[in-house]
Amino acid sequence: MEGDNLSVVLKKIGDLRLENREIPVPRPNEVLLKVHYVGICGSDIHLWKKGGFGDFLVKENIVLGHETSGVVIKTGDKVKHLKPGDKVCVEPGVPCSKCEFCKKGRYNLCPTTRYDDPTAEFGSLCRYYCQDADYCFKLPDNVSLEEGALIEPLSVAVYACRRAEVSAGKTILICGAGPIGLMNLLTCKAMGASKICMTDISDERLVTAKKLGAICGMNVKNIDSEQTMECIHKCLGGPPDITMECSGAESSINFGLKVTKPGGVLLMVGVGPPRISLNLVDSSFREVDIRGVYRYVNCFPVALELVSSGAIDLKTLITHRYKLEDALKAFETFLTAKDGAIKVLIKCSK
């Protein structure tokens, strides 16, 4: 179907363009969305600048974007729980529902999830977008479409807290005060953690972290690891029970392994290089569990409830808004963290 479906297309590494594409037609189990807001994610930057992250590489000529909110404008014949006019947020991954991981409830590990398909051509940074209706969640009346675009990264933080077993009384170190680090800060607080320390190399982001509830924020740019450990122990009253590594930097991962309490958890949230040097003997001798996080599993309803109930205020993280026509400027702002950028939203609807 012809139409005005302006889209942000990655033509090749480093080449991001606006391109008008056809308006897609929903399949029987899908809905057609008029996209309202899409948030920029660090993974979008990796795709733009490097063509992938970790061992995940994409082909050229794809539409970027996966942090999405929109309004249903058409439904497929088999869709019963959504109707035109419904405001929704989108879980981008659509698993097969048949493999062993799906059947065990760990569908984020499904090897054929559409989200991971390097041949997929359609992200959500466009005016119109189709998605499986089972992976679209109605927004409560008191949750805005702007907030709806941030339910996807918030779901990452919800799942991270589940994987790390965050609970009341636990002490937490979060390495990296970027958008996902701050999401984890808000979620840890909502789940009862009272002592949370954050590290980063940006004073500006650490100020934000303290405003959002971190009891201390440390700039580790020019401090050796022993001095940093001493300060963190003083801040938390001892080594952290849980370290959430949200930067992906090799030095930060190794520091997280070293600083975490014996018997504690080092959670790998950030995406870094595919291969790093890691002191696994330190993990083994002190029984520090190293756990990975890959997206989320059944976390969108919980994330929506946290926002709807007021337990988490996502609006504090939204710093910049751009029109779809200014998408390249939005990406540059996120990349450089210009003007204190945390969450950068692109408004796709006219």
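Lys 258 is partly exposed, at 35% relative accessibility. Partly exposed means between the two cut-offs: buried is under 20% relative accessible area and exposed is over 50%, with a 1.4 Å probe and protein chains only. The model is predicted: local features need pLDDT of at least 70, side-chain atom pairs count only at pLDDT 80 or more, and totals for chains, interfaces and linings use all residues. Residues are numbered from 1 along each chain as its sequence is written, and side-chain values use heavy atoms, leaving out hydrogens and water.

**Salt bridges**

The structure holds 18 salt bridges. In each, a side-chain nitrogen of Lys or Arg is within 4 Å of a carboxyl oxygen of Asp or Glu. Three of them are listed here.

| Pair | N to O distance |
|---|---|
| Lys 258 and Glu 226 | 2.8 Å |
| Arg 127 and Glu 325 | 2.9 Å |
| Asp 282 and Arg 286 | 3.3 Å |

Lys 258 sits in helix α8 and Glu 226 in helix α7, 32 residues apart. Helices (H or I, at least four residues) and strands (E, at least two) are DSSP runs, numbered from the N terminus. Glu 226 is partly exposed, with a relative accessible area of 47%.

Arg 127 and Glu 325 meet in a salt bridge. They link distant parts of the chain, 198 residues apart. Arg 127 is buried, at 6% relative accessible area. Glu 325 is partly exposed, at 42%.

Asp 282 and Arg 286 lie four residues apart in helix α9, so about one helical turn separates them. Salt bridges that share partners join Asp 4, Arg 127, Glu 325 and Lys 350 into one network.

**Helix α8**

Helix α8 spans residues 250-259. Its buried residues include Ile 253, Phe 255 and Leu 257. The buried residues of α8 pack against several elements, among them β11, α7 and α9. Contact here means heavy atoms within 4.5 Å.

**The sheet**

Six strands form an open sheet in the order β13-β12-β11-β14-β15-β16, with parallel pairing. Two strands pair if DSSP finds at least two bridges between them. β13 and β16 stand at the edges with a single partner strand each, so one side of each has no neighbour in the sheet. The twist averages 20 degrees from one strand to the next. Axes are lines fitted to C-alpha atoms, for helices over the stretch in contact, and angles run from 0 to 180 degrees between N-to-C directions.

β12 and β13 pair over four bridges. Met 198 has Gly 217 in β13 as its bridge partner. Helix α5 lies across β11, β12 and β14, running at about 175 degrees to β12.
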